[in-house]
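This report first takes the protein as a whole and then turns to one of its strands and the partners of that strand.

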Amino acid sequence: MPRPRRILVTMSSHADLGVSGKKTGTWFEEVATPYYVFTDAGFQVVFASPRGGEAPIDHLSLQAPFTTANTDRFLDDQTGMRAIRETNALATVDPHDFDALFFPGGYGLLWDLAADSRVIRMVEHALAADTPVAMVCHAPGILRDVKTPDGTPYVAGRTVTGFSNTEDDELDLSRHLLFSLQDDLTLRGANFTRSTADWQPHVVQDGPLVTGQNPASAPVIAKTLVDHLA
């Protein structure tokens, strides 16, 4: 009997926004909407995080105007809520058992996933094997240290997107961040693209890599990934 098609969703375990005193984590819309797009398409979704257990959700993403019908639905979904409260420790998960890797955004991952050697290696192996990897919002920051088998930056010469500097500035959070996703990917040779206006959806695919700019891109990137796997 064939195994079910599966997508691994890796969330941050980090809840502190630097030394600002603010709390962060994963952006909820970027978990909720892709979760339903994936499950409605027949995929089994498995959640993981570096530490395992409860993955912190950014409190701002639980408040209007950032909530959506899917975040409301997820809050009432006992199965979904249990899954993000009881994520698998990443060390116990074999990424080769999955058809695709998906990374929701949020600021927390700049402190853990983007510097996690296990995550970087997992992404490198997936991309080298043409396994789809989708990243939205700040998650493309993980690509900063992802390399090709010959040691060059994976993003060099590739078209990508991610949360833009002006969107960080609008939230008045740029000064609290470890690095600028947009600047670091550009420095590594990426063709960094973005929407014509902040907060508008923008998704690009370059080979097995799919990147999305912001929370509004969550439904688009999820559908793009599902279509790619069809």
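The mean positions of the 18 positive and 29 negative charges of the protein are 4 Å apart, where Lys and Arg count as positive and Asp and Glu as negative, with His and the chain ends not counted, and each charge is placed at NZ of Lys, CZ of Arg, CG of Asp or CD of Glu. The model is predicted, so local features need pLDDT of at least 70 and side-chain atom pairs count only at pLDDT 80 or more, whereas totals for chains, interfaces and linings use all residues. Residues are numbered from 1 along each chain as its sequence is written, and side-chain values use heavy atoms, without hydrogens and water.

The secondary structure comprises 7 helices and 9 strands, taken as DSSP runs (helices H or I, at least four residues; strands E, at least two) and numbered from the N terminus. Buried residues, those under 20% relative accessible area with a 1.4 Å probe and protein chains only, make up 53% of the 230 residues.

In strand S4 (residues 100-103), Ala100 and Phe102 point one way and Leu101 and Phe103 the other, and all are buried.

| Strand joined to S4 | Bridges | Direction |
|---|---|---|
| S1 (residues 6-10) | 3 bridges | parallel |
| S5 (residues 133-136) | 3 bridges | parallel |

Val9 stands opposite Phe102 of S4, while Phe103 has Met135 in S5 as its bridge partner.

Conventions:
Buried < 20%, exposed > 50% of the residue type's maximum accessible area, 1.4 Å probe, protein only. Pairing = 2+ DSSP bridges.
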